[in-house]
Amino acid sequence: MWGRLGDLLRLMKAGRTLARYDALLLPEQIALLPWPARFGLKMAKFGTRSPDADAQSRLTMALSSLGPSYIKLGQFLATRPDVVGPKRAFELKALQDRLPPFPQDEARAIVSANLGGPVEQFFSEFGPPVAAASIAQVHRARTGDGRDVAVKVLRPGVEKRFAADLSSFYLAARVIERTGAEGRRLRPVDAVAMLEQSMKLELDLRMEASAISEMRGNTKDDQHFRLPLVDWPRTARQVLTTEWIDGTPISEITALKAQGFDLDALADTVIQSFLRHAIRDGFFHADMHQGNLFVDRAGNLVAVDFGITGRLNAKERLFLAEILYGFITRDYLRVSQVHFDAGYVPAHQDVATFAQAIRAIGEPIMDRPAGEISMARLLTQLFEVTAQFDMTTQPQLLLLQKTMVVVEGVARTLNPDLNMWKTAEPVVKGWIERQLGPVGRVENMVETLGRMAATLPALLDETRAGADVLSRLADGGGIRLDPETTKALAKAQARETRWTRYALAAGALALVVIAWRLLA
């Protein structure tokens, strides 16, 4: 009871704050409310004064004033236009994750408690915070062997605060789902569950360290892109220590020019790196804004802050690559068919009609000058049109689309005349040719054979066990097996022999392919 009362009080406070900033509902939504609801909104604003700012700024200011949980909620909803609508999602993209730093003494206490000793045992120097956000803040420090490192420290009490606010979010979501069919269609409870899962990962800094380590492995051979090295002995649940990146922020265009860097090449690296990670690896940095990107002395693009990442499975990666390449080649029927093949658009819809709708998106964009073509805008419009054809919501693709908007914006600050298609084509085309070409087909076949071989021992064990049971029953239990059963046992034993031969053949084929790949 008291927990539910606390949830209600927190929601009332949040509602009053949003009303005070005149950011609770859009004007057109307020006009549709019954008069008691409109009167309630006016009463919530009574005695307050709305900030003198545009609608976008009022919304972001309101969420920032409500604290870390609401900042993260806003950033999450910016990736879910299916829940809050395209207009609100666009407004939320401007939400900046910045908060005042917490005291140095508290940061040192957290480091000491997590690493199991005094700060001086792990760092010869531990400086003041250089950046602070809703979840954590970053300090520059130096290890005993003279290495400069970045130490990310979780904000004190943030886990408890998120747990309380998530409880109130769930209450609000359940109420929305009970209001009618539209509320159930939006599935707000599922959306809050996704936010909860995301926050569990972000609140354990070991998970961020693991993400950096994984992506370093994926990109170790990539040119002009690198990530900081994780200092695992100085990393724990509330503390993350990485190599200090001594580079120029990618937002400082004048400084980059003064150092002689090729801004057009940097813009290409930003786009191609993101697409390579998403399509080739299925694992991408989902918060690639300017504050998280640096250029080191060698001209490499360096990404930091991996609190938010996205994943695409094999089907989703192929889907993304094929629709992008379909737009590049203006093969709209292929783009349409890919949606049906992936199962995203129901089979009762018409492929040709869907292709017609896609053409209406592609042609106006493709005929623009190269510098005006926006891949992010194309994907945004595509997802809006697919909703008209009952396409099921794909949150991971919405996260990718939101990230692409940010990445494209960063690239265009470096090169306003960036040709998105020309930049993207080598990555997209190369990956598709590899996956659908001879090499990709052979690799897929070997992978399939490997999976078959992995399940073979269990299948053979079950066959032997069944045959042994029946034999014992027949020999010692006085049970007579009819001719059909005897014949079935013989067939089972024959299948076992055949499967063994198939396994040996598959292993031999795999060895041949591996040898061919090594010698090629």
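Gln-137 stands opposite Val-153 in strand β3, in a predicted model whose residues are numbered from 1 along each chain as its sequence is written. Local features need pLDDT of at least 70, side-chain atom pairs count only at pLDDT 80 or more, and totals for chains, interfaces and linings use all residues, while side-chain values use heavy atoms, without hydrogens or water. Strands (E, at least two residues) and helices (H or I, at least four) are DSSP runs numbered from the N terminus.

**Strand pairing**
- Strands β2 (residues 136-142) and β3 run antiparallel and are joined by seven bridges; two strands pair if DSSP finds at least two bridges between them.
- The hairpin of β2 and β3 has five residues between the strands, and Gly-146 takes a positive phi near 90 degrees there.
- Five bridges pair β3 with strand β5 (residues 239-243), also in the antiparallel sense.
- Ala-150 has Thr-242 in β5 as its bridge partner.

**Burial of β3**
- Six of the seven residues of β3 (residues 148-154) are buried, that is, under 20% relative accessible area with a 1.4 Å probe, counting protein chains only.

- A cavity is a set of points on a 1 Å grid over the protein atoms alone where a 1.4 Å probe fits but cannot get out.
- The model has one cavity of 30 Å³ or more, and the largest cavity holds about 40 Å³ of space.
- Its lining residues (an atom within 4 Å of a point) include Phe-319, Leu-379 and Gln-401.
- Helices α16 (314-328), α19 (375-388) and α20 (395-414) each give two or more residues to this lining.
- The lining comprises seven nonpolar, one polar and no charged residues.

Definitions and conventions
On a 1 Å grid over the protein atoms alone, a cavity is a set of points where a 1.4 Å probe fits but cannot get out, and a pocket is an open set with protein on both sides within 12 Å along at least five of seven lines; lining residues have an atom within 4 Å of a point. Grid points are joined across faces, edges and corners, and a volume is the space filled by probe spheres set on the points. Ala, Val, Leu, Ile, Met, Phe, Trp, Tyr, Cys and Pro count as nonpolar, Asp, Glu, Lys and Arg as charged, and the others, Gly among them, as polar. Buried means under 20% relative accessible area, exposed over 50%, partly exposed in between (1.4 Å probe, protein chains only).
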